[in-house]
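Q: Please take a close look at a single part of this model. Describe it step by step, and give the cut-offs behind each term.

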Amino acid sequence: MNESGVRLKKKSSPYGVKVPERKLTAQRPIERAPLPERAIISLHQNIGAASQALVRRGDRVLTGQKIGDSDKLISAPIHATISGEIAGTTMVINPATARPVEALVVASDGADEWVQLEPVENPEALSPKEILDRIREAGLVGLGGAAFPSHIKLAPPGDARIDTIILNGCECEPYATSDHRVMLECGEKVLSGLNIIRKLLSPETTYIAIEDNKEDAIEHMEDLIVAMGFKEDIKIVPLESKYPMGAERILTKLLLGREVPIAGLPLNVGVVVHNVSTTKAIHEAVVEGKPLVERVITVTGAVNSPKNLLVRFGTPLGSLIEYCGGIVGKANKVILGGPMMGFAQFDLGFPTMKGTNSVVVKEDTIVTEQCCIRCGRCIEICPMHLMPTLLAKYAKAGRYDQCKAAYVDNCFECGVCAYVCPAKIPIVQYIEMAKRELAKRAAKK
Amino acid sequence: MTPVKKFLISPSPHLWKGPSVSKIMYLVVLALMFPSGAAVYFFGYRALSVLGVSVGAALLTEYVCRRMRGHTFVMDGSALVTGILFGLILPPTIPLWTVAVGAIFAIAIVKEAFGGLGHNIFNPALGARAFMSVSFSLPMTTWVEPTGFGVDAVTSATPLSGLSGWQQFDPAAYQAMFLGNTAGSLGETSALAILIGGGLLLGLRVMNWRIPVIYVGVVSLLALAFGQDPLFHILAGGLMLGAFFMATDYVTSPLTNRGKMISGVFLGALTMLIRHFGGMPEGVCYSILCMNAITPLIDRYTKERPYGLVERARSAG
């Protein structure tokens with residue numbers, strides 16, 4: 001261990017919490033999920049603007065064909081994930097905004113006929129602009145969950161100088177193992193994609209952050225870095241497994257001691273953080289010319305056989321759960337994403353999207369909120385150093401201005417406050433409410 | 001197809017971790033069993049009856065108040081904690097009817113009138129003790145030597161009220177004070193029992209170490225500064241029980257760790273000022289009540305500095 005010099009000393013943070021890991025699928029190789037008969041492809045799968053449909057009902061589409069795009073800056077095109085006919089449109093709820101968005105329904109012809117891909121022989125010869133264009137055209141967004149369009153993140157504004165790239169392989173959400181398996185099974189692509197963004201941004205340092213509950217992934221990446229000749233350039237930082245270490249603001253602080261300004265981005269302090277699944281997709285987009293039509297999703301929890309599945313976007317949750325043997329026992333909750341930040345779904349017809357990294361089925365009960373006893377646990381562990389109990393109290397009383405003055409916008413809703421709260425106050429819900437109300441007021445002005 | 005099933009919808013997170021409010025309260029009750037046990041061992045039936053009346057009156061009052069305010073009564077353990085604590089800070093010979101009056105005052109006035117658990121400004125047990133010392137000042141200052149379940153007790157002075165007795169204390173007296181074999185309030189005499197109970201809560205991370213450690217530390221330092229014996233000041237009077245079980249009350253102590261440390265310093269200073277310059281032999285109760293009153297102020301000035309706060313120009317602020 002450590003003889004290659006690639007692995008740096010382990011880091012840990014006093015904030016955050018130890019959550020039960022429940023990585024049931026860590027040793028399960030990635031399997032290809034069956035193609036859906038009907039893919040429901042949301043036209044808004046990224047932060048920023050929604051796409052407009054480029055196809056009409058009755059059109060025949062091929063896998064990987066662009067079917068939605070937008071001329072707005074912060075947007076990412078949408079591609080057909082199976083070949084077939086556009087059967088119509090429907091509405092789905094965008095889990096991040098809780099608003100309905102338009103979705104295209106593609107009825108499969110069973111052939112999975114792809115568009116002609118345009119691989120490049122020598123990616124080194126591409127200009128930065130060509131690389132960014134290829135990334136945008138592939139519809140790439142951050143696959144860690146936030147779904148921020150990648151080409152924007154990789155083209156920092158003129159005055160921003162990026163000196164550090166952090167490749168995020170933390171995967172701190174309980175249950176999720178998709179990034180873990182991607183590192184183990186597609187490590188070369190992950191590093192190749194990382195190398196492409198290093199070419200774009202020419203940072204001084206590149207770190208790969210991996211939690212120490214994935215020792216096999218740390219070792220594998222270490223070997224690959226040496227084998228691929230990146231030994232001098234890329235260092236691995238093992239992190240103590242703690243939630244939410246994988247959040248980019250937390251990583252920036254933990255690895256570099258830099259705090260991202262409130263309402264700012266890591267690039268404001270010279271840092272870009274990318275997820276391992278994203279750099280794998282960057283490799284596929286730039287080198288293979290393959291658009292983002294699928295990703296690895298962990299389908300886990302109370303299902304008969306939890307799996308890591310390579311899933312085409314638009315596949316309904318129900319068919320994934322069925323493929324994993326169905327729901328076990330009294331489980332009554334289906335979560336899109338992890339149990340800490342994911343969205344509970346009531347409809348098994350709901351489609352998977354670019355930002356979906358896991359589907360967790362579990363049993364849950366309704367808890368009753370009690371009064372805050374001011375124990376201070378939420379304050380002690382808040383990774384953004386906020387006063388969650390006060391934010392909840394203000395929001396509950398409709399005192400949104402006080403929420404704003406207490407930096408409610410700084411909260412990224414990791415949920416550790418509500419996780420540790422003895423009074424079971426749904427703090428995140430109150431904070432979301434305050435943010436929504438404040439955004440509404442700001443929009444009126 | 002999976003049969004149509006109703007799914008539960010709720011905001012994230014979808015995982016919870018204990019302990020719940022009532023579990024915390026029952027852990028405190030468990031820890032309080034040590035000082036209560038010592039009280040019964042040293043003061044016998046008197047301790048049992050005082051504690052029994054106090055707990056019973058507290059629970060009954062909580063039930064009545066919750067119902068009067070239109071809430072359901074939940075046995076969350078908080079009234080139990082108040083009942084036990086209130087019993088522990090009373091003299092053994094206190095008439096039982098006054099115990100009941102005090103416990104009713106603690107729950108009905110100090111706690112429920114302010115909105116119940118989580119909203120009270122003052123620690124209910126201490127608020128009621130202050131009420132008792134004003135209303136029943138004679139029985140509240142009548143102390144007896146511990147005699148267990150044996151013969152009737154003889155009136156005596158507590159170590160603190162024994163005026164400047166601290167100078168002549170011998171090791172045997174210190175040992176008695178540590179174990180609890182001395183005159184005083186039921187649960188305040190045995191430092192050992194309080195340490196075991198407090199240590200349990202510290203170990204389980206139910207209690208934050210900052211307030212008790214700093215409180216006791218500042219008292220010792222000031223005792224040294226006043227040329228007195230710190231050990232005497234720690235073992236005599238209600239400091240140990242107050243520092244571990246009253247000053248650490250979540251509801252009435254500051255929210256942040258910084259606030260808790262500030263509170264600890266002030267508590268120590270106030271206690272020693274009252275003991276040294278004040279007209280009363282003991283200052284723990286009033287020190288904690290004073291600090292309870294300024295807890296909102298401490299909270300206001302000890303907010304956490306949020307992550308990523310960029311220093312703004314003064315003019316903009």
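**Two helices in contact**

A: Helix H9(A) passes helix H12(A) in a left-handed crossing (the near helix is turned anticlockwise from the far one by less than a right angle; clockwise would be right-handed). The model is predicted, so local features need pLDDT of at least 70 and side-chain atom pairs count only at pLDDT 80 or more, while totals for chains, interfaces and linings use all residues. Residues are numbered from 1 along each chain as its sequence is written, with chains lettered from A and ligands numbered from 1 in the order in which they are written.

H9(A) covers residues 388-396 and H12(A) residues 427-444 (helices are DSSP runs of H or I, at least four residues; strands are runs of E, at least two; both are numbered from the N terminus). The two pack at an angle of about 55°, with their axes 8 Å apart. H9(A) is therefore oblique to H12(A).

On the H9(A) side, the residues are A:Pro388, A:Leu391, A:Ala392, A:Ala395 and A:Lys396. They meet A:Ile427, A:Tyr430, A:Ile431, A:Met433 and A:Ala434 of H12(A) (contact means C-beta atoms, placed from the backbone, within 7 Å). By class, this contact has 9 nonpolar, no polar and 1 charged residues.

Technical notes: Axes are lines fitted to C-alpha atoms, for helices over the stretch in contact, and angles run from 0 to 180 degrees between N-to-C directions. Angles under 35 degrees count as roughly parallel, over 145 as roughly antiparallel, 65 to 115 as roughly perpendicular and the rest as oblique. Two residues are in contact if their C-beta atoms, placed from the backbone, lie within 7 Å. Ala, Val, Leu, Ile, Met, Phe, Trp, Tyr, Cys and Pro count as nonpolar, Asp, Glu, Lys and Arg as charged, and the others, Gly among them, as polar.
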